[in-house]
Amino acid sequence: MTLESALTTADIAAVIDRVRAASPLVQCITNTVVANFTANGLLAAGAAPAMVDAPEEAGLLASVAGALLINLGTVTTAQAAGMRAGIAGAIGAGVPWILDPVAIGALPLRTGLAHEFAALGPAVIRGNASEIGALSGGTGGRGVDSTATPDEVAEVAAQVAGDFATVVAMSGAVDLITDGTRTVRVASGNDQLTRVTGVGCFLGALMGACAAVTPDRLLAAAAATAWVCVAGDRAAKQSEGIGMFAVAFLDALDELSGNEIAQGGAVSVS
Amino acid sequence: MTLESALTTADIAAVIDRVRAASPLVQCITNTVVANFTANGLLAAGAAPAMVDAPEEAGLLASVAGALLINLGTVTTAQAAGMRAGIAGAIGAGVPWILDPVAIGALPLRTGLAHEFAALGPAVIRGNASEIGALSGGTGGRGVDSTATPDEVAEVAAQVAGDFATVVAMSGAVDLITDGTRTVRVASGNDQLTRVTGVGCFLGALMGACAAVTPDRLLAAAAATAWVCVAGDRAAKQSEGIGMFAVAFLDALDELSGNEIAQGGAVSVS
Amino acid sequence: MTLESALTTADIAAVIDRVRAASPLVQCITNTVVANFTANGLLAAGAAPAMVDAPEEAGLLASVAGALLINLGTVTTAQAAGMRAGIAGAIGAGVPWILDPVAIGALPLRTGLAHEFAALGPAVIRGNASEIGALSGGTGGRGVDSTATPDEVAEVAAQVAGDFATVVAMSGAVDLITDGTRTVRVASGNDQLTRVTGVGCFLGALMGACAAVTPDRLLAAAAATAWVCVAGDRAAKQSEGIGMFAVAFLDALDELSGNEIAQGGAVSVS
């Protein structure tokens, strides 16, 4: 594995070690399906989770947190009010925040919110190719056909990163993270990660934990991605069955060293 | 085990195999306690979960899903609006939907909603004897005394199936599924299934996954019931302790073949 | 281990045995992050969970439950209406209820609600030193500095217990439970209990299960605390990794006898 430009395996290892040393508070305004798994994943990684949705409180907490996650998975108009308050608090205090536009595209409430929020300056936008595609082309979204080649998909990610002046992290067989200029690919990870609900949602929260300890958002997103992928690889080796895989994944988040994650992540930069 | 009429072990195995091949999308408007377990159970079974409650989106998603689950476990008036939208979307698109009237009887909000929804044509109504009894006798509900014999309970189930022109699936020591004419009994399963929260709620979601791949609603409910019961039996053999049982149950949902489930389900038809 | 005054290891064992024999219904109006874990923990302990938030139903269910838990972890104004209804139902029927003022202090909505609810006569208030400190000094709250000595912290707990004529259960390296006169300390338990989300929240629910079977609220809180701490010790011995610890914790809640918990709890009374 070779890393070029200013993003090395040592950088990735250092971010992971710093999360464990600093235990940053990550406020998660996220979906009800994955809240428990997200909290346990953050605890296993050494960070401190907090889930506060109420608009009376979300902004205040975000302003003192290390990072904020906005995940649209089960958003309602009531929760959207808390998200707006949380984002305002984060922006006012200079706290980095992550946007996960879950399942946007056809569903109108979340799609509108995703465009509204993306324009407010998230540190990272995390999603799959379909979700990132729905953010491209201004408010319309041109979508990403399932027959799109990896190169076409990468082009859309870079475009969205440029449009919103953010880092885009796109999940897939190879995870791709781009700020529109540099592109990081993480080729580790396995299919079982897609068979446990909330792994992607947790990844967004973990990007928050990493963004709390480094100003380099591309590095934060890459470190979190490698962490999840290498933990998935370890869990697959140490478990049989999809139920045990989820348990072993939490173990691995905790037990892998920063160096093991950085070295095992199959990370490349272009 | 002998199956008579048009519901054989081969039919059950075929439904299970079809769920895994087609991976139907099951939209679950369900309670917050079991959403995570339901999603992981559907993934383990090979289906695709989606939990979208917002009334702005629930109908649209239901109209493109393979099935819809309506579970009243933690219903509020806000969630009920999403349920109404979801049901309307399902009906408009001919998508089968399952009603789980959790804990109805004395609690007024959910009891009113259960009667409202039951009259709208669910493919299956799933519950325990007390819940099904609360749907009998029109809007009043006569209840099912805990001293009722299995024959009396079966009579109530058949009556409710007839009243609402639906299939009723009633959990118990022996699970009973009836369309008012044919009755299927599934005698497998074990007590540990009642000591993990959300197994019954997940069963409703799995009935949706099965109903997405066969128009025979009695068969869909029977296949899902056998799937859960035989997975419970396998999990009990492969685990010690109630925490590990829940983990092993997810493993078993994934690993058991359609034939193993159909043959092991102790299914009988009358 | 020696217990003085009217709280012995035999008392603790008896409460635990009674929970398993009576299987009390514990209504939990709690946060969405921990609802699943709380329900599975109660089931493992032999109690019966119910989570009903809707204001139309919460009071009715509380009035027929064995106990009610009010946990402010993800409270919103909508959920607060259900909490008020639940508390009113519990008070009207003489049902004991537990207040867990999660993360109060700086966050305004929950802090106001905690003071409102604490004045209504909870059987037990459960929290960490910071949360209990925020309830001291009337409506203002003087807080508990992280540099406070154990003796200073104990003084605050006794003051809050006196102010609200309740039992205060304060989590920490040594758990402390006081009614302002008697003080119980539980010195068992381990750090891994703080690395699984919701253990403290579940402890509040388990205090409800215990309060449902004894009028001695100090004893109820002490028995539940010992139960969780000793189960944590057992789980730590029988697992490696933080994911497996959570699974083994549920096993241990179920498998430990009342005597094993009482004898292993390192309980002292002063």
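Predicted model: local features only at pLDDT ≥ 70, side-chain atom pairs only at ≥ 80, totals over all residues.
Visitor: Where in chain A does Met51(A) lie?

Guide: Its place is the loop between β2 (48-50) and α3 (55-64) of chain A.

Visitor: Which residues does Met51(A) touch, apart from those up to four places away in sequence?

Guide: A contact requires heavy atoms within 4.5 Å. On that basis, Met51(A) touches Cys28(A), Ala35(A), Thr38(A) and Ala39(A), and also Val33(C), Gly73(C) and Thr74(C).

Visitor: What does the UniProt record say about Met51(A)?

Guide: An unreviewed UniProt entry carries the annotation "binding site", which covers Met51(A) and Gly198(A). Such annotations may be inferred rather than shown by experiment.

Visitor: Is Gly198(A) buried or exposed, and where is its place in chain A?

Guide: The cut-off of under 20% applies again. Gly198(A) is buried, because its relative accessible area is 10%. Gly198(A) belongs to the loop between β8 (183-186) and α8 (199-211) of chain A. Beyond its neighbours within four places in sequence, Gly198(A) is in contact with Val34(A) and Phe37(A).

Visitor: Turning to cavities, how many of 30 Å³ or more does a search of the whole structure find?

Guide: A cavity is a space where a 1.4 Å probe fits but cannot get out. The search finds 1 cavity of 30 Å³ or more, and the largest cavity has a volume of about 780 Å³.

Visitor: Which residues lie nearest the centre of the largest cavity, and which elements give two or more residues to its lining?

Guide: The lining comprises 39 residues, and those nearest the centre are Asn36(A), Val247(A), Asn36(B), Val247(B) and Asn36(C). The elements giving two or more residues are α2 (35-45) and α10 (242-255) of chain A, α2 (35-45) and α10 (242-255) of chain B, and α2 (35-45) and α10 (242-255) of chain C.

Visitor: How do the residues of this lining divide into nonpolar, polar and charged?

Guide: The lining of the largest cavity has 24 nonpolar, 12 polar and 3 charged residues.

Conventions:
Residues numbered from 1 in each chain as written. Chains lettered and ligands numbered in written order. Heavy atoms only, no water. 1 Å grid on protein atoms, 1.4 Å probe; cavity = no way out; pocket = protein on both sides within 12 Å on 5 of 7 lines; lining within 4 Å. Points joined across faces, edges and corners; volume = space filled by probe spheres on them. Helix = DSSP H or I, 4+ residues; strand = E, 2+ residues; numbered from the N terminus. Nonpolar A, V, L, I, M, F, W, Y, C, P; charged D, E, K, R; others polar. Buried < 20%, exposed > 50% of the residue type's maximum accessible area, 1.4 Å probe, protein only.
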